[in-house]
Amino acid sequence: MEQQQQQQQQQQEETDEVSASSHRILQEPQITAQHVRSDGTTLAVEIESALSEKESQSVQALATCQRRYFGKSHFEVRSFGEGEGGNNCTFLSPTLQIVLPG
């Protein structure tokens, strides 16, 4: 009986060690830069520690998948012309809420 308890305790300690080493503790997200137009309107902010490395890789894989399988319904190429955004947008919000909740 005592030997079984020791084995269970050792297994739990090993599980805790693996769990602690495989999960990066996220820092609190922080705004590191703010890009403001001349009239004072905020255009964009840079946020540090918003996602873990694993979460970032998941988002990138999801974006690649959406472009491949959904095409123009979830992806838009925007030119750098006058008054245009000039970037490629992948619309992940609806899919993220389904695939990666929380």
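1. Ala44 counts as partly exposed, at 34% relative accessibility. On this scale, buried is under 20% relative accessible area, exposed is over 50%, and partly exposed lies in between (1.4 Å probe, protein chains only). The model is predicted: local features need pLDDT of at least 70, side-chain atom pairs count only at pLDDT 80 or more, and totals for chains, interfaces and linings use all residues. Residues are numbered from 1 along each chain as its sequence is written, and side-chain values use heavy atoms, with hydrogens and water left out.

2. Ala44 sits in strand β2, residues 42–48. Helices (H or I, at least four residues) and strands (E, at least two) are DSSP runs, numbered from the N terminus. Set aside the neighbours within four places in sequence, and Ala44 is in contact with Ala33, Gln34 and His35. Contact means heavy atoms within 4.5 Å. Gln34 is 10 residues away from Ala44 along the chain, yet their C-alpha atoms are separated by 6.1 Å.

3. The strand pairing comes next. Strand β1 (residues 30–36) and β2 pair in the antiparallel sense, over six bridges. Two strands pair if DSSP finds at least two bridges between them. Within this pairing, Gln34 stands opposite Val45 in β2. The two strands form a hairpin, with five residues between β1 and β2. In the turn, Gly40 has a positive phi of about 95°.

4. How many salt bridges does a search of the whole structure find? The search finds one. Arg37 forms a salt bridge with Asp39, and the closest N and O atoms are 3.1 Å apart. The criterion is a side-chain nitrogen of Lys or Arg within 4 Å of a carboxyl oxygen of Asp or Glu. Arg37 counts as partly exposed, at 42% relative accessibility. Asp39 is exposed, with a relative accessible area of 52%.

5. Now helix α2. The helix covers residues 53–70, 18 residues in total. From first C-alpha to last, α2 reaches 25 Å, close to the 26 Å expected at 1.5 Å a residue. The expected span is 1.5 Å times one less than the number of residues.

6. Which residues of α2 are buried? They are Leu62, Ala63 and Gln66. These cover an arc of only 105° around the axis, so they lie on the same side of α2. The arc is that of the directions from the helix axis to the C-beta atoms. The face turned away from the buried side carries the exposed residues Glu53, Lys54, Gln60, Arg68 and Tyr69. Gly71 follows α2, with a positive phi near 55°.
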